[in-house]
Amino acid sequence: MNITFYGVRGSTPTHGEEYLRYGGNSSCIFVKSTDGSPYLFDAGSGIRKAGRDILKNENNKMENNKSGNTISSKKIKLFLSHHHWDHILGFPFFDPIYTRGYEISVYSGAKDGLRRRKMSWEESIKKELDVSVKSKSINSELRRIFEGQFDKREGYFPVSLDELAADVSFHDLHSNDTVNSPLTVHHFLHDAHPGGMSTYRVEENGKSFVYTGDYESDFQKYDVKFGVIDKKLISFARNADVLIMDGQYTLKEYEQKKGFGHSSYTKVCEIAADAQVKKLIITHHDPSHTDDILDAMEFDAKNYMNLILGKDISVVFAREGMKVAL
Ligand SMILES: [Zn+2]
Ligand SMILES: [Zn+2]
């Protein structure tokens, strides 16, 4: 599989000449399986270009192979880490949703929604049963969130969800759910961000990567090296080829932003080292971090991993357009 970064910025998109090398679009990762099937992780502003590239590639493929023997890329699976603005704001500008013939399945953890709606116990049990069949339930918690984003009456957007040309379905996931074929996508809900967040482990042909979305290490709560949540993540990410993780802050910034839901890059290096991953890619860069600041943070993170922790794990800060082949 091939991974391409379309958005590496956290909290809000940003722009300006001091952000050109790392890029200013918010979270979005595109993954192509060996057979060409398209997967996306998060729908920040980066998904706009990803959508345009998907359509362009599909059109080129049709032009080049009129016999129709190619694998269709029109079935797109989109997995969300959570529903904060920086992770969903690009979705209304994702061109395949306005294109007939596309089937777009959107997946995300349901925990936040279940909490917010304050369902009764009986209701939540019923909900569990409903979503466990993984139907493209119009009662999906996730669909309700996107109905809000596409709410014409409130004036948030001029198109409603029902008017989209593509077949868009929404699927609530619970911990330990797996979505198969052609990639295997394991899902786990973590309490490492306000409202909770979904973590994904993606596997194909013995290769794997883990994507955490926004993640705050919980070690400080327990005054130990790793907290309970960290330990779960370490076990989930064990021996992955690549760990893609939120390391938004320096250690000094983290001290002022405890509880904001993000980790320092040094703590992320420690988690990667303990999980024994082969490569760590740090993303969700702070909007105030210019290219020069990110260069310095990356240099420091590499030294921390190699010299302080003594691990031969490659550390890279994600850049828009960066590609990783697995
Ligand atoms: Zn975020
Ligand atoms: Zn968030």
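**Reading a predicted fold**

The chain holds 10 helices and 14 strands; these are DSSP runs (helices H or I, at least four residues; strands E, at least two), numbered from the N terminus. This is a predicted model: local features need pLDDT of at least 70, side-chain atom pairs count only at pLDDT 80 or more, and totals for chains, interfaces and linings use all residues. Residues are numbered from 1 along each chain as its sequence is written, and chains are lettered from A and ligands numbered from 1 in the order in which they are written.

User: How many bridges join strand S12 to S13?

Analyst: Two strands pair if DSSP finds at least two bridges between them. Here four bridges join S12 (residues 279-283) to S13, and the strands run parallel. Ile281 stands opposite Val316 in S13.

User: At what angle do H7 and H9 pack?

Analyst: Axes are lines fitted to C-alpha atoms, for helices over the stretch in contact, and angles run from 0 to 180 degrees between N-to-C directions. Helix H7 (residues 228-237) meets helix H9 (residues 265-275) at about 50°, with axes 8 Å apart. So H7 is oblique to H9 (under 35 degrees is roughly parallel, over 145 roughly antiparallel, 65 to 115 roughly perpendicular, the rest oblique).

User: Which residues make the contact?

Analyst: Contact means C-beta atoms, placed from the backbone, within 7 Å. H7 gives Asp230, Leu233, Ile234 and Ala237; H9 gives Ile271, Asp274 and Ala275.

Conventions: Contact = placed C-beta atoms within 7 Å.
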